[in-house]
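Walk through this fold contact by contact. Keep the sequence and the 3D view side by side as you read.

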Amino acid sequence: MSQNLIEKIAQKYSTENEIVKSGDYVSIKPEHILTHDNTGAIIPKFKNIGIKKIKFTQQPMFALDHDVQNKSETNLKKYSKIENFAKEMGVDFYPAGRGIGHQIMCEEGYAFPGELAVASDSHANMYGGLGCLGTPIVRTDAATIWATGETWWQIPPVVKIIFNGNLQAGVSGKDVALTIAGYFDHDELLNCGIEFQGEGVKNLSIDSRLSIANMSTEWGALVGIFPIDELTIEWLENRNKYILENGLEDVPSNKNSKIHPRINKTRINELKNNILKADTSAEYSKVIEIDLSSIIPSVSGPHSVKKLKTNVEIENEKIKIHKAYLVSCVNARVEDLAEAASILDGKKVADHVELYVAAASAQVQKDSEKRGDWKKIVDSGAIILPPGCGPCIGLGKGLLKDGEVGISATNRNFKGRMGTKDSKAYLASPATVAFSAINGFISSENQVKDKKLNFSIKTLNKKSTPSKKAKIIKGFKENIIGNIIFCPKDNINTDGIFPGKYTYIDDFTPEQQSKVVMENYDVKFNQLVKNGDILVGGFNFGTGSSREQAATAFKYRGIQLIIAGSFSQTYKRNAINNGFIVIESPELVNDLKKQFDNNILTIDTKLKCEINFINSQIIIENNEYNFSPIGNNIQKIIIEGGIEKLLKK
């Protein structure tokens with residue numbers, strides 16, 4: 001059976017014997033897992049399971065990178081706790097100042113071509129720039145992997161994006177990422193895996209590929225992976241040479257050897273002889289073709305990466321800026337800093353602008369200093385921050401104040417993310433950030449001719465998932481029957497489901513959760529719903545914050561399960577990990593949207609619904625809707641009431 005690249009790598013790391021395809025729930029044993037500052041919150045979850053030792057000590061990696069500017073006693077105590085836990089468990093540990101975890105994953109070979117690596121961070125997609133299948137997980141998953149080496153994953157539908165042509169001079173990988181976010185802004189790529197192919201790929205540097213893969217997260221994708229090609233091999237060989245020349249002093253797992261444990265000549269040669277590629281007859285849910293020569297420098301914002309304007313358009317608006325940022329895991333590598341330095345060389349930042357710079361890692365900063373780029377940036381008036389996340393996530397120095405505007409080479413610009421809610425953040429390439437910092441308003445040195453993106457999109461496999469019989473294990477219900485409560489709105493977020501003001505009340509009981517569920521979405525919800533009902537939501541259900549209570553509150557309210565057109569992947573993982581079933585059925589949701597008034601927030605449809613888990617079908621009156629079978633690994637979690645309870649047992 002033919003497979004695409006994502007399916008092939010998932011197959012390689014699946015603990016099951018069956019051929020895996022998109023839609024399948026599989027048990028996977030990732031090669032590596034990154035946790036960062038959130039390691040502190042994962043440790044008690046792990047200890048609560050009752051297991052004393054991490055099963056595979058070379059599988060996890062800890063890197064402190066988020067709140068690295070915080071020198072408070074509380075934060076230093078937290079960091080010390082994480083470091084001591086790493087020593088106790090024998091896990092590789094990278095302290096604050098070494099760099100952003102995703103960059104270290106690449107530099108130190110934890111994200112290796114053809115392998116599977118995960119992270120308890122949404123930008124794990126970045127590893128796809130090196131041909132490594134990178135995907136995010138939640139904190140409960142991380143604790144589970146520490147304990148067992150495994151977790152579950154539903155292989156997403158896979159979209160093929162074909163790049164043709166070459167970028168014009170002055171156009172970067174960041175411009176590609178922003179353009180795709182702006183043009184495909186109606187969830188065309190939500191919860192998909194993306195494989196980048198085409199002749200245009202060979203014209204994209206590895207740094208550009210890492211930027212594009214990183215920002216596939218902002219398109220709603222779960223994976224964004226490039227092919228393993230000559231450029232990938234060349235990058236590894238250059239990296240191996242760099243390591244041999246500069247030593248291994250900061251590679252924790254390699255204290256007693258001169259050979260790097262992950263990037264070395266032997267592993268590179270093995271990769272050359274066994275490069276995974278998609279089969280020519282592989283199946284995809286969509287095929288998108290993009291002419292790279294039609295992409296021009298662009299800016300996104302404010303408040304959304306999907307609000308796109310070309311540099312020509314936005315420069316005419318003369319938007320005054322107060323702060324500019326050359327930071328983050330998406331655009332603070334050597335190539336990015338060189339791009340900015342070439343513009344800043346010999347010039348000064350505008351008097352009213354503060355420019356902040358932080359390399360993606362200490363090694364990147366060292367290399368940039370050797371090239372002379374770092375000095376050019378600093379001499380322009382830039383303020384140096386330590387390698388790490390910092391202002392990108394609203395931590396440390398340089399945050400935006402009320403009324404201020406910032407231009408940033410980061411990957412997100414949600415309202416209030418980089419400062420106060422009354423500030424505005426725009427996203428752009430390092431070149432645009434540098435030029436804007438000099439001029440004092442959003443502007444670009446590269447006035448590339450303004451023209452529309454040349455692309456095509458073809459949707460395949462429009463039909464629902466074919467009915468497929470599932471093996472039901474003892475204790476898992478074969479059928480569930482209930483009345484449908486329909487909440488037709490799309491993008492129902494976790495703040496609407498479970499208000500943030502209750503999130504950090506540690507002793508908030510299940511009964512209390514049940515009483516406030518959907519409080520911010522519809523105050524009438526709790527009056528309309530009955531124990532045993534089945535909730536049907538719209539598309540992208542559960543978007544927003546990763547709070548687990550947004551799933552458990554429904555469970556405690558007596559809702560048997562949730563059906564939606566699509567789910568936020570984080571929400572889906574939190575629901576299943578807490579023993580709560582969620583099913584995707586876009587066809588059912590679209591039919592209900594046609595039948596009922598979409599302006600009513602909560603509708604008691606009076607429709608009787610049966611879910612048959614053997615045939616993987618939803619049956620309503622005379623209509624049948626197919627869904628992906630619930631695998632035995634997921635069934636076990638549901639039976640025990642959650643993954644932590646299952647592991648304890």
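The side chains of E584 and K572 meet in a salt bridge, 3.7 Å from N to O. A salt bridge here is a side-chain nitrogen of Lys or Arg within 4 Å of a carboxyl oxygen of Asp or Glu. E584 sits in strand β23 (residues 582-584) and K572 in helix α19 (residues 569-577), so the pair links distant parts of the chain, 12 residues apart. Helices (H or I, at least four residues) and strands (E, at least two) are DSSP runs, numbered from the N terminus. K572 is buried because its relative accessible area is 3%. E584, at 28%, is partly exposed. The cut-offs are these: buried means under 20% relative accessible area, exposed over 50%, and partly exposed in between, with a 1.4 Å probe and protein chains only.

This is a predicted model, in which local features need pLDDT of at least 70 and side-chain atom pairs count only at pLDDT 80 or more, while totals for chains, interfaces and linings use all residues. Residues are numbered from 1 along each chain as its sequence is written, and side-chain values use heavy atoms, with hydrogens and water left out.

How many salt bridges does the count come to? The total is 32. One of them joins E115 and R267, with 2.4 Å from N to O. E115 lies in the loop between α4 (101-107) and β5 (116-119), and R267 lies in helix α9 (residues 265-272), so this pair ties together parts that are 152 residues apart in sequence. Both E115 and R267 are buried.

Now turn to D373. This residue forms a salt bridge with R371, and the closest N and O atoms are 2.6 Å apart. Are the two partners buried or exposed? D373 counts as buried because its relative accessibility is 5%. R371 counts as exposed, because its value is 53%. Salt bridges also join into a network, which links R98, E107, E108 and R239.

Next come the aromatic rings. The structure holds 24 aromatic pairs. Rings of Phe, Tyr and Trp (its six-membered ring) pair if their centres lie within 6.5 Å; planes under 30 degrees apart count as stacked, over 60 as edge-to-face and the rest as tilted. F46 and W146 form an edge-to-face pair, 5.7 Å centre to centre with 70° between the planes. This pair links distant parts of the chain: F46 is in helix α2 and W146 in helix α5 (residues 139-148), 100 residues apart. F46 counts as buried, because its relative accessibility is 0%. W146 is buried too, also at 0%.

F196 and W219 form another aromatic pair that is edge-to-face, with 6.2 Å centre to centre and 80° between the planes. Here F196 is in strand β9 (residues 193-197), while W219 is in the loop between α7 (206-215) and β10 (223-225). The two are 23 residues apart, and the pair links distant parts of the chain. Elsewhere, F525, F541, F554, F567 and Y571 form one aromatic cluster.

K47, K52, K77 and K81 form a positive patch. Patches are made of residues with over 30% relative accessible area and no salt bridge: like charges are joined within 9 Å, nonpolar side chains (Val, Leu, Ile, Met, Phe, Trp, Tyr) within 5 Å. Lys and Arg count as positive and Asp and Glu as negative; His and the chain ends are not counted. The place of a charge is taken as NZ of Lys, CZ of Arg, CG of Asp or CD of Glu. K47 lies in helix α2 (residues 39-49). K47 is exposed, because its relative accessible area is 52%.

A nonpolar surface patch of about 230 Å² is made by Y183, F455 and I457. Accessible areas come from the Shrake-Rupley method with a 1.4 Å probe; for residues, only the protein chains shown count as cover. F455 lies in strand β19 (residues 455-459). F455 is partly exposed, with a relative accessible area of 32%.

Finish with two distances. Q168 is in the loop between β8 (158-164) and α6 (173-183), and at 26% relative accessibility Q168 counts as partly exposed. Q168 and I295 are 127 residues apart along the chain, yet their C-alpha atoms are separated by 7.7 Å. G149 is in the loop between α5 and β7 (151-154), and G149 counts as buried at 0%. G149 and G500 are 351 residues apart in sequence and 32 Å apart in space, C-alpha to C-alpha.
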